[in-house]
Amino acid sequence: MTIQFRNETFRNDFTYANSPGNIPRFPFPFPEDVYMYSTNVEPHHATRAGSPFENAFDVDEHYVAEMKDRALVLAEDPGRCQALPHMETAGWDFVELVMVSKARDYPDLFELTIDGDRWHWINKPLQIDDSFIFGDSSTLPCHPMEYIGRQVQGDHAILDQRDGNLWLDAGIITAQADWSLDFDIGMNFFEWHAPVPLAHELGVFQRALKFLLSLPQGQPSRRLNWTLTVNPRLDTSPENYPKWGPDRTTVTPENIGEKVHLRVELQTFWRLPRSNAILFPIRTYLMAMNEVVTQPKWGRRLHRVMRDLRPELVEYKGLSRYHPMLVEWLSQFDDGALTSPGIFPD
Amino acid sequence: MSESLIEESILSRPTYGTLAIAPGLAHYFVADASGAECVIRVAEAAPRDFMEKVHILYVPTPGENALITALYALGAKRFEHFPTIDDAVARLGDWLSDARMGSQLYLAGTETLIGKAVAAAEECGLDHSAVQCEHRGSLARRVQCVHCKTMIEKVTTQPVKCPSCDLLLLVRDHYSRRLAAFQGVCINAEDPTEDIEIREVFK
C-alpha cells in the first residue's frame, strides 16, 4: 500500500481537499438519521479494510501536511504542548505505543528496531531517522510526548488516573475544536467537560468516566464526535478565535458547499502500561459539504440530522449563523428515501 | 450559614461551603477583610486547646486595624498579616511546605483569595479534602484572557476589555483551579463591529 501524501494547507489559501478515493473512507459520524449525545463507545479493533478503523493509528493522505501545520502552531504558541512534571513516564508509554503500532501497520513507511533500551526509529514520510535510549529524555530533542506528538495525526491528551477520577495533566493540542489546553490542564474529567451543555444532565460523563477508569490494557476503545468548521482549518483554538471566528460570517448559499466542513473526531482511549495513564488521541477528519454529498446516503442523512438538531447544540457547536442556510442547501440532497443503518456509504 | 450569593453554574465553577473545624494536627487559616468574621466565628466555637494548633494569615483592607486586633486576640500559635493576597499566599506556601500530615486549611473571603490559596495548597501537595472554603465579600473575578494570556484582576463587568490586547472578553463560568482564574474569550470575534453593552454584574 502506498499513500500519496498531499501538499496542502489548513490556513490562508486553504488548499486542503480530499481526493476522490479518500472520500468513502471518511468516518461519517451519524449511524442514524437523528443525533443526540450518547456514550457511543465501541472496541477499537480492526474494522473494515481501507476504513480509518483498520489500524491503531490511521495514516492517510493528509499526514505530512497535518504535521507541518502542527509545527506552525507550536512555533507560534508553545503553550499548546504542555505536560505536568509527573507525566514523563506516560510520554514514553505514548512513544512506545505509536512507534510499535505504526511500524507494524505501515512497514513501508515506518521502521522500529529495538535492542534492549536502544531504539532506532525511521519515519520515512517525515524523513526522520533517530536513535535514542528508551526512557532517557535527554536522548530526545524534546519531551517524549512532544517528540512523538509531532509525528502522529490528531491531538493527544494524556489523562492521569487518581482519586477515582481522570486528570488532564498533559497534551499536545494544535487542532482542537475550541478548547484550551493551557486553561484546562490539571482539571479533572468533569471540570474540563463543564462547558458542554445537556450531557451532564443526561449522565453521559458519569458513565464515560466509569467506563474509562476500568479501561484495561490492550483493549482500546473508540467513539466519534463531530462539529462543523468553516474552511478546512485545523487550528480552531479559543486562543485564535479572533482569526477564525469571522469565517462564520462568510458563508453564502453559493459557497456553502465548499466552505462548510463536517469535522469529525475519531477519539480513541488506550490504557498505558507503565504510567497507568490513559492516552486520548483526538484525530480530526475534515470534509467539505460538496464532498460529503457525493455519497447519497450521507447527503440524505446529514440533511435530516441538521434539520432536527437540538437548539442548544446548534448554539454550543457555533452553527447559529449559517444553520438555517445549511439545512436549506442540504434539503436538495434528501429525496425522502430510507437510509441504511450504520455509518458506511452504500 | 454561608452568605455567599453564587448561583448554581457549570461543574468547573467552584462552590463554597461554611468553615467548620475538622480533625487535624495543625489548622491553617487564610482570610481577607471580608472573611475575617468567619475565622473569628470558628475560633469562638472551638474547644479550649484548639488555638494552640492554629496559624492565621490575614490580608486587611488598607488602613483597617480593628479586625487585625480582633484576630490577634484569638491567641493563635502564629498570626501574621500582609498587605496583599499574593504576599499572604506566598507565606502560606512556606508554611505548608513545612507542614505535617493531618494539616487542615481554612480559607475565607473573596474568590481571588480563595482561588490563589487553593492553587498554592495544591502545589504543596495538600489533599483537596483537607481544604475548606467560605466565600464572603465581592464577587469580582480574576480572569485569564485566553488570547494573550493576561491575568485581569478584580473584574466586575460583563464583558470586560482586556487591558493588554484590547479584545472585548466574555467572562465565562469555566474556571481553572491551577490558574485561580475564570476564562475570558472574545465576545465579538465573529463580527467585531457588533455593539455590546458592558454591564456591572460581579459585585
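## A tour of chains A and B

Select Leu159(A) to begin: it stands opposite Ile278(A) in β10(A). This is a predicted model, in which local features need pLDDT of at least 70, side-chain atom pairs count only at pLDDT 80 or more, and totals for chains, interfaces and linings use all residues. Residues are numbered from 1 along each chain as its sequence is written, while chains are lettered from A and ligands numbered from 1 in the order of writing.

**Strand β6 of chain A**

Strands here are DSSP runs of E with at least two residues, helices are runs of H or I with at least four, and both are numbered from the N terminus. Buried means 20 or more other C-beta atoms within 10 Å of the residue's own; exposed means 12 or fewer, and partly exposed lies in between, with C-beta atoms placed from the backbone.

Next, show residues 165-172 of chain A, strand β7. This pairing with β6(A) is also antiparallel, over seven bridges. Return to Leu159(A): in β7(A), Leu168(A) stands opposite. Then go to the hairpin of β6(A) and β7(A), with two residues between the strands. Asp163(A) has a positive phi there, near 55°.

**Backbone stops**

Select Asp178(A), in the loop between β7 and α4 (181-184) of chain A. Its phi is positive, about 65°, although Asp178(A) is not a glycine. Asp178(A) is partly exposed, with 19 other C-beta atoms within 10 Å.

Switch to chain B and pick Lys149(B). This residue sits in the loop between β6 (141-145) and β7 (151-155) of chain B. Lys149(B) is not a glycine either, yet has a positive phi of about 70°. It is partly exposed, with 17 other C-beta atoms within 10 Å.

Move to Pro159(B), in the loop between β8 (157-158) and β9 (160-161) of chain B. The peptide bond from Gln158(B) to Pro159(B) is cis, with omega near -10°.

**Where the chains touch**

Finally, show both chains. How many residues does each chain bring to the contact? Chain A gives 19 and chain B gives 17, where contact means C-beta atoms, placed from the backbone, within 7 Å. On the side of chain A that touches chain B, α5 (189-192) and α7 (241-244) each supply at least two residues.

Technical notes: Pairing = 2+ DSSP bridges. Contact = placed C-beta atoms within 7 Å.
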